[in-house]
Amino acid sequence: MEQLISKPVRFLDGDGFLHGFSTGRVSVKSRFRTAKGGQYLSKINFLMDNEWTEYMPIMVWVIDHPEGVFVIDTGENAQVSQPDYFKQEGLVLSYINTRSFKFKVCEEEEVGNQLERLGYQQHDISKVILTHLHLDHFDGLHYFDKTEILVNRLEWQKPSFALPSLYPKWFQPRLVDLNSTDNQFFSHYASLTRSGEIALVHTPGHTLGHCSVLVKSRELHYMLAGDVTYDQNQLVNNINAGGHQYFRKSLKTISTIKNYSQANKLVYLPSHDNDVFVRLRNDLYLK
Ligand SMILES: [Zn+2]
């Protein structure tokens, strides 16, 4: 399975990179990935499901831009497979988490170690941005105790299944207010660079405050889409994941992204899609 991709990117202000790497792998219940039943019934269905998906990546993205180095999500860490890892969250959440996910993560795959192999130390990182507060997106935070960490205010205030006992003790992110804009596509939006080439956009559905990161280069636009869908097929065919919290919002988000891709050449890069490597390498944008 592919592990790392480094793509040279031409920004308005100069050259940069978009790197992506997987911090281990995760397998989920089939009905967690693809919903059976509506918003509520689908939750019972995935808990009862005995079928597992293939192992999927747990992506971290690094945007090396003339204005700074931005890390999107922090992936998993090797401790996650310990039997008592979820203990402090109580019986119910511990049961759900140990029964619904299988992880394979080793220490050298953790975000800090892979960043180091790419040549980045913690002090090189300008900001860490979390798409949402699920474990497999924040569980590498301990490598960033001195870095500014951004989270959408709504996601912080109304998280779903956030497992706060697993946050590092020092974790106090800078909360971002997304502005409502007259952007033709995304109604809530916050630019992360002066150039406006990197922006946080509200893409609710998986969680209420879920965000994606939109990156614009001279040639292509990239969407680092977190868990908007698990793969591109779900986006193209309007398929909800059983793990989504808000089904109607999710379908609206899917339609917004597709509208955006009609107007811009958009390479769609969700966190758990084995095909992100080939799409990024070959500039395969949505058509
Ligand atoms: Zn995820």
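Q: Where is the place of L163?
A: In this predicted model, local features need pLDDT of at least 70, side-chain atom pairs count only at pLDDT 80 or more, and totals for chains, interfaces and linings use all residues. Residues are numbered from 1 along each chain as its sequence is written. L163 lies in the loop between helix 6 and strand 8; helices (H or I, at least four residues) and strands (E, at least two) are DSSP runs, numbered from the N terminus.

Q: Why is L163 called partly exposed?
A: A residue is buried if 20 or more other C-beta atoms, placed from the backbone, lie within 10 Å of its own, exposed if 12 or fewer, and partly exposed in between. L163 has 19 other C-beta atoms within 10 Å, so it is partly exposed.

Q: Why does F161 count as partly exposed?
A: F161 has 15 C-beta neighbours inside 10 Å and therefore counts as partly exposed. F161 is placed in the loop between helix 6 (153-157) and strand 8 (174-176).

Q: How do you know that the radius of gyration agrees with that of a compact globule?
A: The radius is taken over C-alpha atoms, and the globule rule is 2.2 Å times the number of residues to the power 0.38. For 287 residues a compact globule would have a radius near 19 Å; the protein has 18 Å, which agrees.
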